[in-house]
Amino acid sequence: MSKKPKPDLSRRDALLVGGLIAGAALAEPLIRLATPENFPAPDTAPQKQTQQNSPSDLPPLPPLSVIALNRLAYGARPGDIDAFNALPGASPAIQLQAYVDQQLNPSAIDDSVFDARLNSANLTPLTKTLAQLWNDYYVNITVSGIANYNLRLPPVTAVRTATILRAVFSKKQLFEVLTNFWHNHFNVFGWDYDYASATFAYYDHEVIRANVLGNFRQMLEAVGASPAMLFYLNNYTNRATGPNENYARELLELHGLGAENYLGTVPASSVPLDATGRPIGYVDEDVFAVAKCFTGWRVNDSSTQSGVVNDGTFLYYPAWHDAAAKTVLGHPIPANQAALKDGRDVYDLIAAHPGTGRYIARKLCRRLISDNPPQSIVDAAAAVFTAQKDAPDQLKQVVRAIILSNEFMTTWAQKVKTPLEVSMGILRATGVDFTTISDAFFWTFDRMGQPFFGCRTPNGYPDVREAWLGTMSLLNRWGLCNTLLGGRISANGVTWSVDMVSQTPTVAQTPAAIADFWIQRILGRPMYPASSRDAIVDFISQGRNSGFKMTAAETTDLVPRMVELIMMCPDFQWR
Amino acid sequence: MAGARLTNIALASPAGVANDEILIVVFIRGGWDVLSIFPPLAGADRSYYEAARPTIKVPVSGTGAAIQLNSQFGIHPALAPLQNLYQAGKMNVVLATGLQDDTRSHFDAMEYIETGTPGIRATPTGWLTRHLSSSPGLDASLLLPVLSAGVQTPTSLLGDPKVIAVDTPSSFSFQGNWRYTNDQRMALRHIYTGNTWLDAAAVETLNALDIMENAAIGAYTPATGVTYPAGPFGDTLKTIAQMIKLDLGIRIATVDIGGWDTHQYEGTNPAGYLSNLLAIFAGGLAAFYQDLDGAGAQNYTSRLTMVAMSEFGRRFKENADQGADHGHGSAMIVLGGNVNGGRVLGSWPGLSAAQLYQGVDLAVTTDYRQVLSEIVSGRLGNPNIGAVFPGFTMAPLLGIVKARPAFNYTALIPSVLK
């Protein structure tokens with residue numbers, strides 16, 4: 001059998017420009033049917049061809065306040081756009097800087113109203129230490145002599161509730177958006193009825209949130225030493241006698257260097273060096289060596305080794321560690337290093353590699369700007385990442401550079417909101433008041449394909465529009481608009497409701513005036529194209545001339561349904 | 001690959017003959033451990049196998065013994081539901097299939113397989129999409145030719161404008177206040193009129209909604225005696241069966257089964273994690289086949305082909321966790337009314353150290369595109385393999401399926417069958 005020639009490294013490298021998807025089994029968001037005539041020969045990297053809408057089809061660039069609140073927050077609450085416009089600064093760009101500097105300093109934001117709401121939700125797992133979580137939700141789950149594994153879930157359930165409350169009510173919106181990004185980047189399936197679910201409050205608070213605006217190198221190690229990740233990617237049993245490569249591979253491919261820097265199974269010795277003298281990417285030999293470096297990184301669990309405390313904390317177990325010399329990314333790891341040193345060397349090497357900077361920068365730009373972000377901003381953000389690799393606020397600086405770029409400010413409608421973003425946006429825009437969340441919400445939400453902490457594969461949910469445009473996903477997205485605002489969600493006997501009639505100013509009495517008020521209120525700008533507004537007015541007029549004064553009964557009936565409809569429109573779905 | 005190459009012309013479909021064949025593509029996500037699923041039973045390879053897998057090997061006899069397919073290979077006992085189909089000539093197995101590319105990344109490998117362009121990440125369409133757009137035998141007026149069972153659409157259908165994603169047909173409805181949902185839908189028809197990708201997706205959804213409502217879909221009762229395994233895989237297969245029986249024109253459907261990334265605790269046979277997963281997999285395929293194997297107008301199996309594949313197999317040597325890490329060579333199952341069944345196909349590369357890929361993995365001797373191309377050309381009547389798999393040239397036929405009579409395909413089968 002003749003094998004295809006070894007991959008041409010320069011071609012792989014060329015593909016970096018094309019970007020790669022963040023999600024499982026979903027490629028770039030392109031709609032262009034290939035025919036034999038226009039399909040490129042297989043040995044040439046095809047040019048990226050994003051489907052082009054002619055300029056007249058795309059909505060115009062909205063005000064910067066709308067861009068910011070839809071990409072750096074989960075949509076605008078009533079008053080948010082006015083607050084943005086009241087920020088100091090002679091231009092929207094300067095106001096954006098003021099907004100971002102506020103948001104990137106979340107501890108200085110007065111969020112006491114939200115804090116009181118969160119406290120009233122009584123999410124006790126959020127108040128516990130790792131050892132307490134382990135004891136209360138991992139160890140002590142026996143009721144009347146029978147293990148009840150449902151008792152492993154309260155921590156992840158509490159984090160889910162807190163995540164929704166924060167997304168809807170907290171003022172620290174950018175922090176929440178970035179927390180979601182990093183949870184997805186370091187994805188752990190949270191509903192395992194095992195180590196991850198029982199310790200998820202620790203993973204959320206001490207591992208992810210503690211590092212969102214911090215240092216990537218520190219974050220890598222916090223993740224790698226957490227019981228949730230140690231269990232999820234099997235490293236907690238990784239030992240010298242037969243290494244388990246699961247964590248090592250995903251550390252390189254998903255957490256650190258990224259698949260865009262994976263060169264396959266070619267010998268490490270054949271990999272060219274970059275300008276800094278490092279191999280330009282990693283190969284399977286690196287995966288095997290990294291797996292050995294992390295042998296003996298365990299959890300203090302119920303395994304029966306002497307000296308082990310069953311409290312869920314991190315355990316370095318020398319007896320399982322492969323102390324032989326290794327080589328990772330061209331760098332020698334000497335034999336018999338001190339405890340933890342092999343793994344920490346790996347984290348250092350990954351965090352310092354320019355390929356990691358490009359990969360993380362591209363992924364952040366994909367979240368904050370567009371599915372295929374311009375290479376200019378990716379390079380600029382990667383330069384900050386690498387230059388600030390030892391800074392305690394490295395990730396804050398990277399994010400700031402991305403947001404204050406021309407690329408951020410001049411891009412719109414290249415992405416569609418994810419199910420999470422659109423549902424939180426509905427709740428924010430209309431002012432639904434709640435502290436508990438019933439299963440009825442999740443019945444519809446989960447069917448859009450993005451259940452909270454529910455991605456089973458380690459690559460997390462895709463962050464490209466193709467993933468969220470399937471018929472089932474869109475249908476449930478529209479259904480969610482109706483469900484959330486239609487009095488169909490109740491929790492603890494209280495129906496989620498919002499009185500849209502009383503929020504409508506009394507001067508708005510005709511269908512046209514009411515529609516115009518709510519379009520501005522929800523979208524912060526006129527609809528595009530203008531004919532969409534006509535369809536909204538036609539709906540609330542119910543086929544009559546739109547100039548008449550609506551009765552109280554008519555507004556009660558029709559205003560909520562019209563608001564639902566506005567939210568189903570493209571102007572609410574773009575980001 | 002050495003040997004004679006067939007021209008596409010040899011398999012050309014007679015012009016104007018509509019093709020009503022149904023293809024179900026089952027993607028086994030995570031990298032299935034083919035060496036535990038199709039274990040070698042005899043010879044030197046058996047010795048290598050037992051040495052490499054002291055705890056997770058499938059025994060030849062006794063508790064949890066493999067079911068023998070032929071003198072050389074067996075199947076895991078949890079695949080018992082498929083044994084009858086194999087013996088009845090409705091199923092075959094192709095061993096040592098996979099990618100002619102050296103990735104051990106799940107996500108690279110899945111993407112390469114599903115785009116149909118190994119080594120190229122940026123391909124804008126899936127292989128099924130290109131089949132649908134290049135097939136001369138597909139009736140363009142079909143209402144719903146392409147079904148993705150589940151919420152997410154797989155990469156193999158990337159860029160297809162007609163695919164609909166459905167999890168359960170009876171819940172494919174527009175939720176809301178019944179008095180106003182029709183008006184809301186009509187308004188959306190007036191609003192989503194642009195030329196953007198978002199407009200296109202919305203219109204596709206509204207169209208699918210109309211069709212599905214018109215079909216008056218209710219709860220589904222499978223054929224008498226058929227029981228699908230509980231859980232998402234059985235449920236999605238049930239959805240596909242229901243959609244096929246609604247006669248909306250389903251020609252291609254995709255379904256996923258996940259959970260195969262067994263780095264750890266495959267379980268000792270016959271109990272354990274892998275056994276449970278295989279029972280769901282095999283039970284699902286067998287139930288689906290039986291459900292569609294009715295008489296007269298209820299017989300769909302005569303035009304049904306199913307193919308099951310994974311992104312790769314797993315490492316030959318087990319790790320210390322009773323699992324195996326990412327490997328290379330895999331296997332494919334082809335099942336249907338017109339399969340040249342009851343055979344183990346493909347060239348077995350052997351398991352000695354010298355025969356393993358890079359000394360550690362089962363090698364690949366059959367490009368996965370060969371298997372799919374034989375189905376696409378032989379059953380689906382699409383001779384344009386160059387469009388479906390650009391740059392790929394078919395090797396001599398393995399003879400996986402019985403060609404539809406028009407193709408004079410059987411005569412081309414060489415004698416490489418085991």
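Start by selecting B:Ile22: leaving aside neighbours within four places in sequence, B:Ile22 is in contact with B:Ile244, B:Ile250, B:Arg251, B:Tyr300, B:Arg303 and B:Leu304. Two residues are in contact if their C-beta atoms, placed from the backbone, lie within 7 Å. The model is predicted: local features need pLDDT of at least 70, side-chain atom pairs count only at pLDDT 80 or more, and totals for chains, interfaces and linings use all residues. Residues are numbered from 1 along each chain as its sequence is written, while chains are lettered from A and ligands numbered from 1 in the order in which they are written.

Stay on B:Ile22 and colour by secondary structure. B:Ile22 lies in strand β1 of chain B, residues 22-28. Helices (H or I, at least four residues) and strands (E, at least two) are DSSP runs, numbered from the N terminus. B:Ile22 is buried because 24 other C-beta atoms lie within 10 Å. The cut-offs are 20 or more such atoms within 10 Å of a residue's own for buried, 12 or fewer for exposed, and in between for partly exposed, with C-beta atoms placed from the backbone.

B:Ala253 and B:Ile22 are 231 residues apart in sequence, with 7.9 Å between their C-alpha atoms.

Next, select B:Val34, in helix α1 (residues 34-37) of chain B. B:Val34 is buried, having 25 other C-beta atoms within 10 Å. Not counting residues up to four places away in sequence, B:Val34 touches B:Gly313, B:Ser330, B:Ala331 and B:Leu362. From B:Val34 to B:Arg379, 345 residues apart along the chain, the C-alpha separation is 26 Å.

Finally, show chain A, which has 26 helices and eight strands. Of its 575 residues, 54% count as buried.
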